[in-house]
Amino acid sequence: MEERRVVVIGTGPAGSCAALFLAKAGIDVTVLEAGEEHAERGVTVRIGGITVARTRRPLQARPALTMIGGTGAVFEDLAPGGLSNHWSCAVPRYSPEDFADAERAGEPYRWPVTYRDLAPWYEAVEPYLSIAGGKVDWPQLPAGAVRHERVLSHGWETMVEPARRLGRAIAPMPYAYGASNTVTLSVNAFNAYTRLLKPEVRKGRVTLKCGARVTRLELARDERRVAAAVYRDARTGQEERVKCAAVVLAAGAINTPQVLLQSTSAEFPDGIGNSNGVVGRYLHDHPVAKIVLDFDEPIGIHPAAYLTRLRMAQSEPLYAAACMQWSGVAYLAPSVLRAHPRRLEHTGFSVFGTMPPAPENRVAVDRNGTPSKDGSSPLTVEIRHPAGAEKPLLEAREHLLEMLEGARRPARVRVWKVEDIGNSNHYAGTCRMHESPRYGVVDGFSRLHDVPNVMVADCSVFTTGPEKNPVLTAMALAARASDRLARDLRTGDFAKKADAPKRSVA
């Protein structure tokens with residue numbers, strides 16, 4: 001029944017997680033997915049957590065989009081599972097220091113949640129991911145609920161103390177399905193749709209509609225709540241409506257604000273939730289560099305090592321970087337051929353940095369442009385890294401080399417390249433959470449300040465962008481917010497919130 005139905009928009013990790021936790025709480029869930037059914041089909045074979053075979057289609061450039069300051073394209077995959085069809089499966093937790101770092105940066109950057117708030121929800125989500133990783137807590141990298149313990153590979157174990165002296169830590173990078181032997185009928189070992197959502201669809205606890213790109217949300221007449229989601233059916237070309245008690249937007253940091261900005265009305269002429277002009281603002285993406293190192297003696301390549309960011313006290317607010325070692329069959333096969341399995345005379349790292357969010361970086365709709373076939377307006381994405389963004393990358397590179405030298409494993413730099421903006425594909429922040437509507441679109445439970453029956457469940461809600469892969473944290477936030485949403489639907493608290501006096505936008 002529509003008075004208890006929640007519409008979830010998107011089947012990526014956070015959207016699938018939200019649907020799962022709502023369904024487990026007994027809520028009637030309808031999921032709308034822009035991609036066609038079975039578009040995620042493929043085969044992934046993993047041995048010992050290493051992908052040895054995979055079939056998948058390439059990422060597609062987002063159509064009808066103008067990029068200012070970036071690489072000229074935003075890539076997406078319109079398929080069940082979304083970008084979990086392509087991600088590396090790295091699942092580090094954010095740390096207490098990440099939230100404290102944001103707080104010391106000042107009021108605009110303060111999260112309305114803490115690590116303590118999220119810790120139970122990390123623990124609730126992680127069992128679904130069959131994580132392989134370390135069991136040692138570090139200030140910059142808390143240990144998760146791992147199923148398979150990993151220890152540092154050959155050579156890296158000698159660098160724990162040199163890393164500590166520099167103010168960093170070195171640990172095995174936690175990975176979803178990172179130690180399992182699996183044959184998965186999807187394009188990744190952890191495809192969010194395959195692992196989380198499809199079992200609920202089969203049980204009849206979730207209704208899934210594919211080929212349904214949502215273009216806008218409709219407000220109930222004379223009420224401060226959304227009453228329906230409107231989508232374009234890819235097969236018929238017709239516009240359809242799904243009535244609901246609440247909406248969970250999980251279409252990603254580009255498409256989620258687009259839906260809100262396109263949802264105009266007399267009360268919200270600039271889009272639902274946009275009373276303060278914050279929707280689409282504060283877009284951020286990790287600065288990233290690539291480094292390839294050569295060694296005189298072979299060094300471990302699996303499990304992948306992770307050199308954490310500097311301790312907060314040793315870095316400027318919101319400026320940090322960490323190093324994530326490359327792994328996989330492209331490295332494993334040569335190591336076997338050279339008769340020292342899982343060790344090579346060279347290795348590579350991605351160096352991910354932080355990007356202090358700025359309101360000038362944004363996603364905006366062109367209301368005068370020609371809509372695409374699915375009814376969406378053309379988009380402008382504007383993003384530039386601040387002047388100091390490269391400094392932490394360089395500092396992390398030098399610390400990596402210094403650490404290796406201190407462990408008597410000197411390395412030579414073969415490749416060092418700072419990538420163009422957008423190559424991380426970790427866009428976030430466009431519907432950020434904050435206690436104040438002046439700085440945020442949603443509150444600490446991911447609900448729109450303006451319209452409390454709309455929840456955002458993807459990286460759009462990130463107040464800042466710590467240097468770690470964002471997927472696990474997006475899932476934990478989605479699970480926490482979905483639990484609260486289910487409770488409020490059962491108690492009728494939503495009706496009270498919708499009838500409350502309209503929030504001042506002064």
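Visitor: Which residues of helix α5 are buried?
Guide: This is a predicted model. In α5, which spans residues 192–202, the buried ones are A192, Y193, T194, L196, L197, K198 and E200.

Visitor: What covers them?
Guide: The cover includes two helices, α1 (13–24) and α9 (471–491). It also includes the strands β2 (28–32), β12 (182–184) and β13 (206–209).

Visitor: What caps the N-terminal end of α5?
Guide: N191 does. One of its side-chain oxygens lies 3.0 Å from the backbone nitrogen of Y193.

Visitor: And what follows α5?
Guide: G204 follows the helix. Its phi is positive, near 80°.

Visitor: Back to E200. Which side chain does E200 meet in a salt bridge?
Guide: K203, at 3.6 Å from N to O.

Visitor: Is E200 buried or exposed? And K203?
Guide: E200 has a relative accessible area of 3%, so it counts as buried. K203 is exposed, at 56%.

Visitor: New topic. How many residues are in the largest nonpolar core?
Guide: It has 117 residues. F190 and L217 have the most contacts inside it. Helix α9 gives this core its largest share, 12 residues.

Visitor: What is F190 in contact with?
Guide: Leave aside its neighbours within four places in sequence. Then the list is S84, W87, C89, Y128, L129, A176, Y177, R195, L196 and M475. Another core lies apart from the largest one, with 24 residues, including L293, F295, A321 and L404.

Visitor: OK, charges. How many salt bridges does the structure hold?
Guide: There are 31. One of them pairs D488 with R447, their closest N and O atoms 2.8 Å apart. That pair links distant parts of the chain, 41 residues apart. D488 sits in helix α9, and R447 in the loop between β24 (411–418) and β25 (454–456).

Visitor: Are those two buried or exposed?
Guide: D488 is buried, with a relative accessible area of 3%. R447 also counts as buried, at 3%.

Visitor: Which residues do shared partners join into one network?
Guide: Salt bridges join D98, D101, R104, R309, E467 and K468.

Visitor: How far apart are D101 and R104?
Guide: Their closest N and O atoms are 2.7 Å apart, in a salt bridge. Both lie in helix α2 (residues 96–104), 3 residues apart, about one turn of the helix. D101 is buried, with a relative accessible area of 3%. R104 is partly exposed, at 34%.

Key: Residues numbered from 1 in each chain as written. Predicted model: local features only at pLDDT ≥ 70, side-chain atom pairs only at ≥ 80, totals over all residues. Heavy atoms only, no water. Buried < 20%, exposed > 50% of the residue type's maximum accessible area, 1.4 Å probe, protein only. Helix = DSSP H or I, 4+ residues; strand = E, 2+ residues; numbered from the N terminus. Contact = heavy atoms within 4.5 Å. Polar contact = N/O pair within 3.5 Å; in protein donor to acceptor, adjacent residues only side chain to side chain. Core = buried A, V, L, I, M, F, W, Y, C linked by side-chain atoms within 4.5 Å. Salt bridge = Lys/Arg side-chain N within 4 Å of Asp/Glu carboxyl O.
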